[in-house]
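Thanks for coming. I have one model to go through today, and I will begin with a single residue before turning to the chain as a whole.

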Amino acid sequence: MAHDKGLDNVAVRWPRTNQFYDPVAPAEFVDFGGIAEAPDIAAPTGALALHIAKTGTVRATAYTELVDLLLGLDGVLYATDAAAEDEDPVIDPDGCAWIAGGLERFVEGHHEYGDLVTFDSVAGVMRAAVAGGRLAEQQLRWLDHRLAALRDDAGNAPHWSFARTELAVLAGFYRRCAERGFAVFADY
C-alpha cells in the first residue's frame, strides 16, 4: 500500500456522535510536554512529546514500517482494516491498547540493546522474543521473510534511527487514548 502524503494519527472522541469525529483537546495530552523539558532527553523524543502535547496528534509516517513489523500486520497506523470494514480509517480504543502493548513490550525488550533503535537491533529483539516461544522455527522464518522484505533492491536495510525513549512516548500516546476511551483517526 503506497501513501503519497504524510500520516497523522489524531486522537478523536469515540464513538463519533455526528458525521465527523471530534478531535480530542490537546489538554488531554498536556503532560507530555514535561517529557520534552526533561534533562538529557533525546531531541527526537522531546520533539514527539511536545508535538503530542500541543496537538493531540502523532506524525506517524516515520513509524509505520516499524510498527507494522512489530505487530505483524500491514497498515496498522493507517487503520487499513478499519477503513475496509467501517469506511473510516479509525483505530478504536481496543486497537490503541493493542498498539501500545506491542510498543511497550518492544521498548522493554530493547533495554539491553541501549537507547538507539536500528533495523539490526529491532531484528535482535524480535528474534529473541520469538526464539523461546511455541512454533519458534516457523515464527523465525516468518520474521526473516518480513525483515528481508524491508530491504531495498540492493539488500540495504531501512535507515531506522529512533531513540528507545521516543518509542516509549509513542506507546504512551496510544496508551493514553486506550485508557481514556479515545480513538485514533488516520489522517493522510
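Aspartate 88 sits in the loop that links helix 4 (80-86) to strand 3 (90-91); helices are DSSP runs of H or I with at least four residues, strands runs of E with at least two, numbered from the N terminus. This is a predicted model, where local features need pLDDT of at least 70, side-chain atom pairs count only at pLDDT 80 or more, and totals for chains, interfaces and linings use all residues. Residues are numbered from 1 along each chain as its sequence is written, and side-chain values use heavy atoms, with hydrogens and water left out.

Is aspartate 88 buried or exposed? Aspartate 88 has 17% relative accessibility, so it counts as buried; buried means under 20% relative accessible area, exposed over 50%, partly exposed in between, with a 1.4 Å probe and protein chains only. Its side chain makes a polar contact of 3.4 Å with the side chain of tyrosine 21. A polar contact here is a pair of N or O atoms within 3.5 Å; within protein, one must be able to donate a hydrogen and the other to accept it, and residues adjacent in sequence count only if both atoms are side-chain atoms.

Now the whole chain. Of the 188 residues in the protein chain, 44% are buried. There are eight helices and six strands, in the order β-α-α-β-α-α-β-α-β-α-α-β-α-β from the N terminus. The C-alpha trace spans about 50 × 45 × 35 Å along its principal axes.

Contacts, meaning heavy atoms within 4.5 Å, come next. Among those with a separation of 6 or more, 70% join residues 24 or more positions apart.
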